[in-house]
Amino acid sequence: MSPSGGVTRNTLRQQIADALRDEVLAGRLPPGREFTVKQIAEQYGVSATPVREALFDLSAQGLLVSDQHRGFQVREFTVADYRAMAEARVLVVEGLFRNPEGVAVRPEGLVSIRRRAAEAVRAAKGGDLDVLIGYDLRFWRELGQFVLNPYIADFLTRLRVQAWVFAVHRLRRDGMDEDVLWFGHEELVEAISRNDHDQVHAAMHSYYAHALAWADRLEARAAEGDAPGPSEAAGAAGASEAAETGTAPEAAAAPEAAAAPEAPGPCA
């Protein structure tokens, strides 16, 4: 393969992976939804090879589950998974800020992070989930650039995406309010800018407490038999979306989908 062909294919592979990730985060590919390489390739109007590579990339990130005979499906995270995600994030972030050599805060980088934080809080208070998810992911990704160990930064980004995959259908079903959403993005940024470890610790524990409280309520509702399971609720949302827009993203939208949302968010 020529160098230019390799770049083109790798770029297409990344565009497809980004577009499918956005479809999952938007709820148009709900947990449990099964699909094949052939179906996705036809929907995007591309060959099977970059689609297969993109799907395996998303599987490696924990967003899809692959089956040799049935293809792929969007992973369905449990409340226990979500609790573990929240605990892992808090432990890793606190550990980073206890070790001055693990984080290098660049003042010039804080300018855009403050903007992400403000937009995220605004989206959360306005109930705009799509905008919130976008800014939340961008907020944590840019904070991750201060982490000197790239493996830790990548781990934290993946955790946040997985937490949103868990949360998005439930938030669409139940709505968003301050009992579920965490609004401490701006406080966390200011604590980091001052290198105030105590305030970083307090902000992360506020986030953790919100996550656990929401998990407790979800478990209580499930025990009472009051709420549909995530697959059922997501399936209904996906059917409604499909009726209005079609079951798959337009092929021409794939490159743009990768660049779309920015934002900060709730429970994850």
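**Getting to know a predicted helical model**

The secondary structure of this protein comes to 11 helices and three strands; helices (H or I, at least four residues) and strands (E, at least two) are DSSP runs, numbered from the N terminus. The model is predicted, with local features needing pLDDT of at least 70 and side-chain atom pairs counting only at pLDDT 80 or more, while totals for chains, interfaces and linings use all residues. Residues are numbered from 1 along each chain as its sequence is written, and side-chain values use heavy atoms, with hydrogens and water left out.

Reader: What percentage of the 268 residues is buried?

Author: Buried means under 20% relative accessible area, exposed over 50%, and partly exposed in between (1.4 Å probe, protein chains only). Of the 268 residues in the protein, the buried share is 43%.

Reader: What share of the contacts between residues at least 6 apart in sequence joins residues at least 24 apart?

Author: Contact here means heavy atoms within 4.5 Å. Among contacts in the protein between residues at least 6 apart in sequence, those joining residues at least 24 apart make up 82%.

Reader: Let's look at one residue. Is Arg 160 buried or exposed?

Author: Arg 160 has its place in helix 7, which covers residues 150-174. Its relative accessible area is 1%, and the cut-off for the class is under 20%. Arg 160 is therefore buried.

Reader: With which side chain does the side chain of Arg 160 make a polar contact?

Author: A polar contact is a pair of N or O atoms within 3.5 Å; within protein, one must be able to donate a hydrogen and the other to accept it, and residues adjacent in sequence count only if both atoms are side-chain atoms. For the side chain of Arg 160 such a contact is found at 2.4 Å, and the partner is the side chain of Asp 136.

Reader: Are helix 6 and helix 7 roughly parallel or antiparallel?

Author: Axes are lines fitted to C-alpha atoms, for helices over the stretch in contact, and angles run from 0 to 180 degrees between N-to-C directions. The axes of helix 6 (residues 129-144) and helix 7 come within 10 Å and cross at roughly 165°. Angles under 35 degrees count as roughly parallel, over 145 as roughly antiparallel, 65 to 115 as roughly perpendicular and the rest as oblique. Helix 6 and helix 7 are therefore roughly antiparallel.

Reader: How many nonpolar residues does the contact of helix 6 with helix 7 have?

Author: Among the residues that meet here are Asp 136 and Trp 140 in helix 6, and Arg 160 and Trp 164 in helix 7. Ala, Val, Leu, Ile, Met, Phe, Trp, Tyr, Cys and Pro count as nonpolar, Asp, Glu, Lys and Arg as charged, and the others, Gly among them, as polar. By class, this contact has two polar and five charged residues, and its nonpolar residues number 10.

Reader: Is helix 6 roughly parallel or antiparallel to helix 8?

Author: Asp 136, Phe 139, Trp 140 and Leu 143 in helix 6 meet His 185, Leu 188, Val 189 and Ile 192 in helix 8. The contact has six nonpolar, one polar and one charged residues. The two axes come within 12 Å and cross at roughly 10°. Helix 6 and helix 8 are therefore roughly parallel.

Reader: Which residue lies 113 residues from Met 204 in sequence and 9.1 Å from it in space?

Author: Met 204 lies in helix 9 (residues 197-224) and, at 0% relative accessibility, counts as buried. Not counting residues up to four places away in sequence, Met 204 touches Arg 89, Val 90, Val 93, Glu 94, Trp 140 and Leu 188. The residue 113 places away in sequence and 9.1 Å away, C-alpha to C-alpha, is Leu 91.

Reader: At roughly what angle do the axes of helix 4 and helix 9 cross?

Author: Helix 4 (residues 79-98) and helix 9 have axes that come within 10 Å. The two helices are roughly antiparallel to each other. Their axes cross at roughly 175°.

Reader: Is Asn 195 buried or exposed?

Author: Asn 195 is found in the loop between helix 8 (185-193) and helix 9. Its phi is near 60°, a positive value in a residue other than glycine. At 52% relative accessibility, Asn 195 counts as exposed.
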